[in-house]
Amino acid sequence: MTDAAGNPRLEQLLADALRPIDPPEDLAGRLETTLSDIASHAAAELSSWADDLTESELEALRDPRNWVRPVAAVAVGSAAAGALVLVGMRRRRRPDGLRDNLERLLRDLRPQ
Amino acid sequence: MSAEAEPGSGQEPVSAAGKAELDRAFSELYRTHLRDVYSYAYYRVGNHHDAEDLTEQAFLQAYRHFERARRESNGRPLRPWLIRIAHNLASNYYRDRARRPEANIEAIEPPMHPHGTERVVEGREELREVIDKLQDLPDDRREALIMRFALGMSNREIARALGRSDGATKVLIHRAIKQLEEAIEAEHAGPEAT
């Protein structure tokens with residue numbers, strides 16, 4: 001401890017004043033219980049997750065042949081999006097149609 | 001079922017066997033350093049009740065990050081890391097609850113010594129004086145002395161716990177002892193000397 005400063009007497013006093021303190025017995029037990037509860041809980045969660053997803057399911061997820069369904073889903077989604085665009089375009093065109101009808105009506109009402 | 005690691009994520013999954021080994025290693029760390037963390041906590045907060053809380057929180061936090069800490073430590077001792085956790089928690093303790101260490105540390109009683117009665121009384125007065133003067137030091141100086149003398153940490157360990165360089169830590173400890181020495185001398189010289 002002498003590399004700290006050059007006062008061995010004060011350093012000895014400090015060492016005596018700041019002695020290590022033993023933790024209470026029940027703290028060690030309580031902490032150990034808490035930590036083992038956490039570990040068991042984590043193990044149980046890992047186990048139930050593994051039960052939900054079996055090895056064959058995990059294998060199936062990795063198999064490119066099973067990617068057809070997601071690809072099909074993407075294709076269906078794209079088609080649906082295209083259809084929505086068409087409907088939108090028709091909706092945007094509707095005011096023109098109304099104007100045509102109004103002009104026709106006015107033409108009909110106009111005195112000959 | 002060891003999954004592939006995502007580089008740099010720090011959250012790589014571990015296998016069941018790896019987890020068991022990790023728990024065993026943590027258990028060892030906990031048993032080896034429980035007294036260190038508790039001593040540090042006690043000298044920081046000054047009472048057993050809060051020291052227990054602080055110790056418990058420190059180990060729970062350490063448990064959460066243990067795998068990463070072990071990986072990044074490259075085999076170096078983990079005591080400075082544990083003490084750093086306790087140090088941060090103790091800082092939050094004062095900040096959150098607006099408590100000051102001065103109020104608590106006065107309650108710390110000097111330890112008993114197996115000497116004769118007269119020497120015990122005299123010795124206890126001296127130790128009481130050291131503890132009293134210790135509380136007047138700036139936080140970082142006081143902490144460095146707690147780490148050095150209560151935990152027996154080396155300069156390098158203290159540097160790692162405080163996030164400072166080895167050289168800066170050496171200077172910090174030197175100044176802490178010097179300041180303590182001067183405070184005690186001033187006390188003995190009497191009020192006319194100050």
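**Helix packing and chain contact in a predicted model**

Helix 6 of chain B passes helix 7 of chain B in a right-handed crossing. The model is a predicted one.

Student: Is helix 6 of chain B parallel, antiparallel, perpendicular or oblique to helix 7 of chain B?

Tutor: The axes of helix 6 (residues 139–150) and helix 7 (residues 155–162) of chain B come within 10 Å and cross at roughly 135°. Angles over 145 degrees count as roughly antiparallel and 65 to 115 as roughly perpendicular. Helix 6 of chain B is therefore, relative to helix 7 of chain B, oblique.

Student: How many nonpolar, polar and charged residues does the contact of helix 6 of chain B with helix 7 of chain B have?

Tutor: Helix 6 of chain B contributes B:Asp140, B:Ala144, B:Met147 and B:Arg148, while helix 7 of chain B contributes B:Ile158, B:Ala161 and B:Leu162. Sorted by class, this contact has five nonpolar, no polar and two charged residues.

Student: At which residue does helix 1 of chain B bend?

Tutor: Helix 1 of chain B spans residues 16–45, and its bend is about 55°. Just after this helix, B:Gly46 takes a positive phi of about 80°. The bend itself lies at B:His33.

Student: How many nonpolar residues are on the side of chain A that touches chain B?

Tutor: The contact takes 23 residues from chain A and 32 residues from chain B. On the side of chain A, the elements giving two or more residues are helix 1 (8–17) and helix 2 (25–52). By class, that side has one polar and four charged residues, and its nonpolar residues number 18.

How values were computed. Residues numbered from 1 in each chain as written. Chains lettered and ligands numbered in written order. Predicted model: local features only at pLDDT ≥ 70, side-chain atom pairs only at ≥ 80, totals over all residues. Contact = placed C-beta atoms within 7 Å. Helix = DSSP H or I, 4+ residues; strand = E, 2+ residues; numbered from the N terminus. Nonpolar A, V, L, I, M, F, W, Y, C, P; charged D, E, K, R; others polar. Bend = angle between axes of the 7 residues up to and from the residue. Axes fitted to C-alpha atoms, helices over the stretch in contact; angles between N-to-C directions. Parallel < 35°, antiparallel > 145°, perpendicular 65-115°, else oblique. Left-handed = near helix turned anticlockwise from the far one by under 90°.
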